[in-house]
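The following questions and answers work through local geometry and packing in the model shown here.

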Amino acid sequence: MSRQTSSLLAIAVVTVALTPGPALARTPTPTPAPKPAVTAKKTAAKKTPVDCEQVKCLALTFDDGPGKYAGTLLDTLKKYDAKATFFLEGQYVKARPAYVKRMVKEGHEVGNHSYTHPDFTKLEPAAIRNEIQKTQDAVKQAAGVEPKLLRPPYGLADIQVSDVAAEFGMPIIIWTAGSRDWDTKNVDAIKKQTLAVAQQDGIILMHDWVKQTVDAMPSLIKTLQGKGYHLVTVSDIVKRQNLQPGDAFPLPEGWEN
């Protein structure tokens, strides 16, 4: 998910004219120069990046969006200075480009979650490529950036999906645990489940189209931060993993290192 203004200093220089007297010339008393006037705002302090080797980090990720509640979610994240990763569907990027632009502007991470949410493991390589490329293009048009991470629909991937992801130079990101928000659609249940599965360097699956998830976020974020978690992007979490294009993290069951 770094803009600074430099201070300008205006200095007035006063020239003192000496007027000769009728007889003896006296040394005049210099007129003091006015104090410089500071006309610009103070330079903003540079924020130190979060180091997940030194502090407890957690990544909240939101799939299938941008959903219609994304604006409210972004307001909450901004209020609590929390970052998130949004795995976007191209069809909704086309429908709600302003949300995508805002996500990028406010320092969140955007990932590729296909264009129409099909099961990649049931598609031919050409169809997978088409789903990924259309979403890359939609995000680029909306926000001027291209996603660097792929989350296949349903979190389902196989070697063929891995090969196509590698063609796009993208690692595959699954999750360490889910909020089950799509199932319960209950604020208290979503909070309880998320807190139960939260762990250091965890990646939590959520959805910004679930209203109850968005409603739960202010209380949930405050609770997580109160437990010492820094809410960061997926890239912050996986920085130490040295993931290569086509690699999957966490490694799906049955895959070899």
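Buried means under 20% relative accessible area, exposed over 50%, and partly exposed in between, with a 1.4 Å probe and protein chains only. This is a predicted model, in which local features need pLDDT of at least 70 and side-chain atom pairs count only at pLDDT 80 or more, while totals for chains, interfaces and linings use all residues. Residues are numbered from 1 along each chain as its sequence is written, and side-chain values use heavy atoms, with hydrogens and water left out.

Q: Is Phe 86 buried or exposed?
A: The relative accessibility of Phe 86 is 0%. By the cut-off of under 20%, Phe 86 therefore counts as buried.

Q: How many aromatic pairs does a search of the whole structure find?
A: Rings of Phe, Tyr and Trp (its six-membered ring) pair if their centres lie within 6.5 Å. With that criterion, the search of the whole structure gives 1 aromatic pair.

Q: Are the rings of Phe 62 and Phe 86 stacked or edge-to-face?
A: A pair of aromatic rings is described by the distance of the centres and the angle of the planes. Planes under 30 degrees apart count as stacked, over 60 as edge-to-face and the rest as tilted. For Phe 62 and Phe 86 the centres are 5.4 Å apart and the planes are at 25 degrees, so the pair is stacked.

Q: Which strands hold Phe 62 and Phe 86?
A: Helices (H or I, at least four residues) and strands (E, at least two) are DSSP runs, numbered from the N terminus. The pair ties together parts that are 24 residues apart in sequence, because Phe 62 lies in strand β3 (residues 57–65) and Phe 86 in strand β4 (residues 85–88). Phe 62 is itself buried, with a relative accessible area of 1%. The strands are thus β3 for Phe 62 and β4 for Phe 86.

Q: Which residues is Asp 63 in contact with, leaving aside its neighbours within four places in sequence?
A: Asp 63 is placed in strand β3 and counts as buried at 3% relative accessibility. Contact means heavy atoms within 4.5 Å. Leaving aside neighbours within four places in sequence, the residues in contact with Asp 63 are Phe 87, His 113, Arg 151, Trp 175, Leu 205, Met 206, His 207, Asp 208 and Trp 209.

Q: What is omega for the cis peptide bond from Gly 65 to Pro 66?
A: Pro 66 has its place in the loop between β3 and α1 (70–79). The peptide bond from Gly 65 to Pro 66 is cis, and its omega is near 5 degrees.

Q: What is omega for the cis peptide bond from Phe 249 to Pro 250?
A: Pro 250 lies in the segment after β10 (248–249). The bond that joins Phe 249 to Pro 250 is cis, with omega near -15 degrees.

Q: What is the phi of Lys 185?
A: Lys 185 is found in the loop between α6 (181–184) and α7, and is partly exposed, with a relative accessible area of 39%. Although Lys 185 is not a glycine, its phi is positive, at about 50 degrees.

Q: At what angle do α1 and α8 pack?
A: Axes are lines fitted to C-alpha atoms, for helices over the stretch in contact, and angles run from 0 to 180 degrees between N-to-C directions. Angles under 35 degrees count as roughly parallel, over 145 as roughly antiparallel, 65 to 115 as roughly perpendicular and the rest as oblique. The helices α1 and α8 are therefore roughly parallel to each other. Their axes are 9 Å apart, and the angle is about 10 degrees.

Q: How far apart are the C-alpha atoms of Thr 76 and Ile 221?
A: Thr 76 is found in helix α1 and is buried, with a relative accessible area of 9%. Leaving aside neighbours within four places in sequence, Thr 76 is in contact with Met 217, Pro 218 and Ile 221. Thr 76 and Ile 221 are 145 residues apart along the chain, and their C-alpha atoms are separated by 8.8 Å.

Q: Are α7 and α8 oblique or parallel to each other?
A: The axes of helix α7 (residues 187–197) and helix α8 (residues 211–226) come within 9 Å and cross at roughly 40 degrees. The two helices, α7 and α8, are therefore oblique.
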